Amino acid sequence: MDSNFNSKPLLRLTCSVQNYDWGRPGRDSLVARLYGLNSGGEVELDRCYAEFWMGTHKSGPSFVVKSGLENGNENGDESGSLKSWILKNPNVLGDKVLLNWGCHLPFLFKVLSVAKPLSIQAHPDKELAQALHKLMPHVYKDDNHKPEMALAITEFEALCSFISLQGIKSVVQNVPEIVELVDRGAASQVLHINEQDGEENFKYVMHSVFTQLMTATKERTAKAISNLKIRLHEESKVRSLTEKEQLVLRLEKQYPGDIGVLSAFFFNYVKLKPGEALYLGANEPHAYISGECVECMASSDNVIRAGLTPKDRDIQVLCSMLTYKLGSPEILKGFPLSPYITRYLPPFDEFEVDCCILPRGASAIFPAVSGPSIFLVTIGKGTMHTTSQIDAVTEGNVLFAPANTQISITASSELQLYRAGVNSRFLQTV
Ligand SMILES: [Zn+2]
């Protein structure tokens, strides 16, 4: 155990950034701003800043700031990482977390700044993740599942899971360019299936139509998309296009000729307002489209892509893994934990997220919980207290709090911060 641990439970972290090409440019990216403030790293105005990672994942580890040292990772030295700190001080995770996940932080916390759509993707369940990792360890680097939740900071758009059966039927009736790419038998099965036919039958029919669509040749896809553009252009002269049609045209501009443009018709188009959250279980298709959010997930980076991407795709795996559940996703609005704290509790053991918005001079308490937490300050200034430590905090600060630590926060200007922790329903079950 580190000698400082008992007297100073809160650890300041410097965190990693990912410059994926769908990120927002440095001048206009919350990720870039937080990264610059957090680590003093230089922000290039024209470079894309997509994701800010807080946690122990090897693709973007966080480092413990030691007093007197700017940064623990100057030479890529792993010894200053949060992961190695946890290995030396495993009880910071709490008994229940250690028992269930071993010496690992079970969640990965992120901020995303999305300028253009991420690929249409799904994340495997634990069993499939283990099989894929064994088969292709350099592609599927983790053997873990990756349920995730996006909590909107700005208005945030996403595509996720399949629309209702009625909606799918209406797509097959009204989007001839999709029918062009699937065989007539499959299209007619969709039109004739009904609620009484049972989930297995839906799944079979949806799997068959979706796989045919996603595996259409490049040439046929390009032709169908071109037909779609001509048709919508003509129809826009006599009626206003639906939101979905407008979205599809937007996607086409960003990913011309990509099958993901057409498959968007099958997915729910979700627009989150700030403070609303969307969660995604294993094997649910989704694509984030634009906006900024905090995101939390089980610690994993396994992605199976099928469209809207220049990256490698694994369409067969994606089509065969999906649940093909139909209908609108649940949108979480959070519930008040105390006057200034809103909690978002997805149905996954690994994580929950709290949002705390404090007016100047106000205080809030995060009660001690039996798992670790990571705090991120996104707006303003204040102080964070434990029984033995007072830290001034400001925008861009990230702090790790061990299990069983009560934290009080006081705002010296309007203060906004987020906390990620292990799901409290999981921690409370005996
Ligand atoms: Zn995802």
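Q: In which sense do strand β1 and strand β23 pair?
A: Strand β1 covers residues 11-14 and strand β23 covers residues 398-401, and three bridges connect them. Two strands count as paired if DSSP finds at least two bridges between them; strands (E, at least two residues) and helices (H or I, at least four) are DSSP runs, numbered from the N terminus. The sense of the β1 and β23 pairing is antiparallel.

Q: How are residues numbered, and which pLDDT limits apply?
A: Numbering starts from 1 along each chain as its sequence is written. The model is predicted, and totals for chains, interfaces and linings use all residues, whereas side-chain atom pairs count only at pLDDT 80 or more and local features need pLDDT of at least 70.

Q: Which residue in β23 stands opposite R12?
A: β1 and β23 are joined by antiparallel pairing. The residue opposite R12 in β23 is L399.

Q: Which strands stand at the edges of the open sheet of eight strands?
A: The order of this sheet is β6-β1-β23-β20-β25-β18-β17-β16, with antiparallel pairing. Two of its strands have a single partner strand each, so one side of each is left without a neighbour in the sheet. These edge strands are β6 (63-64) and β16 (335-338).

Q: Which strands stand at the edges of the open sheet of four strands?
A: The order here is β19-β24-β21-β22, and the pairing is antiparallel. An edge strand has a single partner, so one of its sides lacks a neighbour in the sheet. The edge strands are β19 (363-366) and β22 (390-394).

Q: Which residues of strand β12 are buried on its two faces?
A: A residue is buried if 20 or more other C-beta atoms lie within 10 Å of its own, exposed if 12 or fewer, and partly exposed in between, with C-beta atoms placed from the backbone. In a regular strand the side chains alternate between the two faces of the sheet. Strand β12 (residues 277-280) is covered on both faces. The buried residues are A277 and Y279 on one side, and L278 and L280 on the other.

Q: How are the axes of α5 and α7 oriented to each other?
A: Helix α5 (residues 165-174) and helix α7 (residues 184-192) have axes that come within 9 Å and cross at roughly 140°. Axes are lines fitted to C-alpha atoms, for helices over the stretch in contact, and angles run from 0 to 180 degrees between N-to-C directions. Angles under 35 degrees count as roughly parallel, over 145 as roughly antiparallel, 65 to 115 as roughly perpendicular and the rest as oblique. The orientation of α5 and α7 is therefore oblique.

Q: Which residues make the contact between α5 and α7?
A: Two residues are in contact if their C-beta atoms, placed from the backbone, lie within 7 Å. The α5 residues are I168, K169 and V172, and those of α7 are A187, V190 and L191.

Q: Is Y324 buried or exposed?
A: Y324 lies in the loop between α12 (315-321) and β15. Its phi is near 55°, a positive value in a residue other than glycine. Y324 has 20 C-beta neighbours inside 10 Å and therefore counts as buried.

Q: How many C-beta neighbours inside 10 Å does N404 have?
A: N404 belongs to the loop between β23 and β24 (407-411), and its phi is near 65°, positive although the residue is not glycine. N404 counts as partly exposed because its number of C-beta neighbours is 15.

Q: Which residues is A158 in contact with, leaving aside neighbours within four places in sequence?
A: A158 sits in strand β10 (residues 156-162) and is buried, with 25 C-beta neighbours inside 10 Å. Its contacts are A150, V270, L278, H286, A287, Y288 and I289.
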